[in-house]
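Notebook open. Today I want to see how the two chains hold on to each other.

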Amino acid sequence: MNAFLDPEAVRRQQTLVSALATRFRDIPWLAWDFINEPSISQHLWTTRANNDAVELQSGTNGSTSATPTVPSWLRAWNLPASSVSGTVPLPEDLDFTPRGVYVGHNSLKTYDFYLFAQDVFSQWVHDMRQTVRATGSQQLVT
Amino acid sequence: MQRLYFEHPNVYVWNQDLAQIHAAGLNMIRTGWWTGWDKFCDENGQPYERTLRTMEAYLMTARKNGLPVQFNIFAFLPDVLAE
């Protein structure tokens, strides 16, 4: 289960956050701080793909109307259409290495994964903040 | 304050530690939950009543010692509720 993207995981997290905020929402000197040292995947302290199904679908494969489609990703990454069948694969470890480009790996894909990770963090925090606010809390959220 | 402060609450010790922190000139405290989530809430994310009461005791102790609290939830990623 993807910790940031799986709806069931997010629902459980919101259950916890909502219960805490509901109990302590009237304390003006209490702030809610989300995630100590955020990591996007099980590979802690590095920005690497989990490579689970939800992430694969969300990251590069047009899960929403705002997300580019497979052909547009391939154009952006300067890859031939014939290089991918089905879903666009997420960048692998070698893609992230500084010398990866010397052996033919595509840094554009890596760059887009960094942007994707920031979007995921941003959306997740937004959802948690909304959960806090829904309890009536006006406390600081960091 | 020891690492398992929340799992094994001791308000007497908290009060001493927080008083010492305040006396040293610090004017807030950042704390939270880092490990042992299964001790605090069920698999659905619902915190136990004892969790909420422990937190209430902690917050009251911080307040007694003039320390606003920034409370952190989730250590590295929210995977504890994604298994």
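Salt bridges came up as my opening search: the rule gives 3 across the interface of chain A and chain B. This is a predicted model, so I kept in mind that side-chain atom pairs count only at pLDDT 80 or more.

I looked up one salt bridge by name. Arg30(B) pairs with Asp33(A), and their closest N and O atoms sit 2.7 Å apart.

Between chain A and chain B I get 18 residue pairs, with both residues at pLDDT 80 or more.

Then I asked myself which elements of chain A supply at least two residues of the side that touches chain B. Both α1 (7–24) and β1 (30–34) do. The largest share comes from α1(A), with 10 residues.

I sorted that side of chain A by residue type: 20 nonpolar, 8 polar and 5 charged.

I found 5 bridges joining β1(A) to strand β2 (residues 69–73) of chain B, and the two strands run parallel. Inside that pairing, I noted Phe71(B) of β2(B) as the bridge partner of Trp32(A).

Now the totals. How many residues does each chain put into the contact? I read 33 residues from chain A and 33 residues from chain B.

For size, I went with lost area, since the size of an interface is often given as the accessible area lost when the parts come together. Chain A and chain B bury about 3,000 Å² between them. Carbon and sulfur atoms give 64% of that area.

Key: Residues numbered from 1 in each chain as written. Chains lettered and ligands numbered in written order. Predicted model: local features only at pLDDT ≥ 70, side-chain atom pairs only at ≥ 80, totals over all residues. Heavy atoms only, no water. Contact = heavy atoms within 4.5 Å. Buried area = accessible area lost by both parts, 1.4 Å probe. Salt bridge = Lys/Arg side-chain N within 4 Å of Asp/Glu carboxyl O. Polar contact = N/O pair within 3.5 Å; in protein donor to acceptor, adjacent residues only side chain to side chain. Helix = DSSP H or I, 4+ residues; strand = E, 2+ residues; numbered from the N terminus. Nonpolar A, V, L, I, M, F, W, Y, C, P; charged D, E, K, R; others polar. Pairing = 2+ DSSP bridges.
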